[in-house]
Amino acid sequence: MTLKDETEKALALELFIKIGLDERTAKNTVANNKVTSNLVEAIREAEVTDGCERTTGNLIYTVATKFPKNALMHRPTLLKYVVSSKIKTAAQLDAAIEHLAVTDPNEFDLAVFEKACGVGVVVSAEEIEVAVNEIFEARKNEILELRYRINVGELLRDVREKLRWADPKLIKERADAKLYELLGDKTAADNEKPKKKKEKPAKSEEKKASAEVAPLEPSEEELNPFLNFPQPEENFKVHTEIFFSDGFVLRACNTKELLDKHLSTTKGRVFSRFPPEPNGYLHIGHAKAMFVSFGLAKERNGHCYLRYDDTNPEAEKKEYIDHIEEIVSWMGWEPYKITYTSDYFQELYDLAVELIRRGRAYVDHQTPEEIKEYREKKMNSPWRDRPIAESLRLFDEMKQGKIEEGKATLRMKQDMQSDNFNMYDLIAYRIKFTPHPHAGAEWCIYPSYDYAHCIVDSLENITHSLCTLEFETRRWSYYWLLDALSLYQPYVWEYSRLNITNTVMSKRKLNRLVTEKWVDGWDDPRLMTLAGLRRRGVTSTSINAFVRGIGITRSDNSMIRLDRLEYHIREELNKTAPRAMVVLRPLKVVITNLDANALINLEARKWPDAQIEDPSAMYKVPFSKVLYIEQSDFRMVDSKDYYGLALNKTVLLRYAFPIKCTEVILADDNQTIVEIRAEYDPLRKTKPKGVLHWVAEPSPGVHPLNVEVRLFEKLFLSENPAELENWLGDLNPHSKQVISEAYASPILEDSAVGDKFQFERLGYFVVDVDSVPGKLVFNRTVTLRDSYSKTGSK
């Protein structure tokens, strides 16, 4: 195809974007006539002119650019395999292209072709896990020695050689998880640059070997995630280029006068902002946003505003406003000022009037449906070119409440033929006869996010406007509006949003979970809301450590595994949570060789390295004739790999004595175990391998402290439930388990809400707000590492 005019280029560009190419790649492709011709033909051969998934589109692009000329007659066949997802990875496609390049076209055999590129081969997640484990085990010593300086690329290559057709994304995810399992998060030593040593010249073989294991130096950005952000005085460069359909290019940047005025006001300091909308509770994604904006200001000795983006009075509540302020403080951040977009309603209105006067806005009467239809067809509103004076009069009538809700909006006069849909005359103001939770009943017209956000950034002299990548397409409208009003322009930078496995983070979905009572409120410990995490016992410092560990990147659509967050939680609680013993499902044990009235007070450690000489690091546990162990720690028949208690077997009770089971009392059904009888070894002569936690009666005939324990699992069964059409159907029916009759050590009796403990062998727990006098309730924060797998099936 020869591109004769701009119309054909535009059609090609539209076609490339339909198959999922990003705009920059699509434009670069259109600039190359040969590649464009090949790609257009490939799209037609694949019969996807109406569009396809991005992954499929990328594979089609590879076919168009790499397909061997000698096999063009078989390109439609290959494309059918791509579109049908029989060939769905880059490795399969490369193998297919390589096979076709060396095969005589007249001797093409479909069965041989399918075998050559792995068609129909399914590599399970279990197979990937086995392969990753084998590679990591084989190189375990090297990994432990080099830690994060190990060449991860080599590890991934070794796995791919074992499983050629495995999904590389799944391999990478499993390898990352395995690396964290072995090493945990990076330490300060991992981030240190290796010191150069002067050594004698080595032999060529030694040089080659050392080159292969040369540690990779951590980048400066890893050491300081805020390093790449410019200084405020550097904000004179072009922020972005806005390409208009008439050929005009707006190169958005600050004039010297605007920048000088800004720097005079800020004294050259960094000013950032955290701008949540008060229409729900904050979740862990907001923790990353706080870390980025508050963290940058702290790093540069600047200031960060907490600004409520309260432009929608119907969705906002005082409850949410109070929650946000409180949770920001809990996360360890102190705002420079707390402001509201509604604080600037008058300034925003005055600037809207100015925008109309400059011919850059107009009052429109289209319905929402008509606006949607006209945008899709790139058609101008019939009121777009009305006289300025008429728009000024109508906008004033909107403000005075003389026009009905839904009968008029103020729209920005941008570019309805733009390649960016965020330039399709966005709405600046709409009519809502709803009192505002902060501004009261003064206004009946409210600014939109697209209109207010950038202007308030400018009015507050924000130096760095930082947001997630879904706002990247709004850059054009952001800078267009500031340029149209001759206002100072902040530096805008987008980063990837935080996505975590086995949960949802959309406010709409979270709101539905809460309002439809799928969960027990916004602070349900199963949710990834910050209130829910706090109630679960997660600390703000572990959340911030987790966020810092994943970094500030622009790699979109990355899914962070939940166990990575759990690692940081365990790291902190292991150092701060005192130990205690709790039995969840008690099984009665009677010590037959101990007097009925005997009571032995033993010393137990609150911390693994506690010294007996330090009374504050120890606590008393009573040992009496009747005690309780976990039901799962006893079985009738012993086995070699089982370390629990069994008939005629001895185990050690933690901090106490060895006991040997001598008799088992069964219920009338001859199956249910109701009581174990055992003898204890007061001299501790036996040295059993198994060690069990336990709780005894604090005095004869008195039951141990009764507590309720809530065990939480992942809220959703799938790693990415948000992608499912029936995402509610993916809820884990076993995500919450309540054990109402657990037994606890006496040390827990005076615990207060928020106190955190490690229940030995069970995990980390926190006292819940539902606790009442006489009945403590504990939430499990996170399990321990899987260090008890040797106990086998019970």
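This is a predicted model: local features need pLDDT of at least 70, side-chain atom pairs count only at pLDDT 80 or more; totals for chains, interfaces and linings use all residues.

Residues are numbered from 1 along each chain as its sequence is written, and side-chain values use heavy atoms, with hydrogens and water left out.

**Overall build**

- The C-alpha trace of the protein spans about 100 × 80 × 65 Å along its principal axes, and its secondary structure comes to 26 helices and 31 strands (DSSP runs numbered from the N terminus, helices being H or I with at least four residues and strands E with at least two).
- Of the 794 residues of the protein, 49% count as buried, where buried means under 20% relative accessible area, exposed means over 50%, and partly exposed lies in between, using a 1.4 Å probe and protein chains only.
- Among contacts (heavy atoms within 4.5 Å) with a separation of 6 or more, 70% join residues 24 or more positions apart.
- The protein is divided into domain 1 (3-117), domain 2 (125-186), domain 3 (256-495) and domain 4 (579-703), with bounds that come from an automatic or database domain assignment.
- The centres of domain 2 and domain 3, taken over C-alpha atoms, are separated by 46 Å.

- Leaving aside neighbours within four places in sequence, leucine 78 is in contact with several residues, among them Val63, Phe67, Ile87, Leu93 and Phe113.

**Cavities**

- A cavity is a set of points, on a 1 Å grid over the protein atoms alone, where a 1.4 Å probe fits but cannot get out, and its lining residues have an atom within 4 Å of a point.
- The count comes to 2 cavities of 30 Å³ or more, a volume being the space filled by probe spheres set on the points, which are joined across faces, edges and corners.
- The largest cavity has a volume of about 130 Å³, and of the 13 residues that line it, Tyr449, His453, Phe471, Arg474 and Tyr478 are the closest to its centre.
- The largest share of this lining, 4 residues, comes from α21, and by class the lining of the largest cavity has 6 nonpolar, 3 polar and 4 charged residues (Ala, Val, Leu, Ile, Met, Phe, Trp, Tyr, Cys and Pro count as nonpolar, Asp, Glu, Lys and Arg as charged, and the others, Gly among them, as polar).
- The second largest cavity holds about 30 Å³ of space, and its lining has 3 nonpolar, 4 polar and no charged residues.

**Single residues**

- Glutamate 127, found in helix α8 (residues 125-138), is partly exposed, with a relative accessible area of 38%.
- Lysine 267, in the loop between α15 (256-266) and β3 (271-274), has a positive phi near 60 degrees although it is a residue other than glycine.
- Asparagine 670 also has phi near 60 degrees, and this residue is exposed, with a relative accessible area of 58%.

Definitions and conventions
On a 1 Å grid over the protein atoms alone, a cavity is a set of points where a 1.4 Å probe fits but cannot get out, and a pocket is an open set with protein on both sides within 12 Å along at least five of seven lines; lining residues have an atom within 4 Å of a point.
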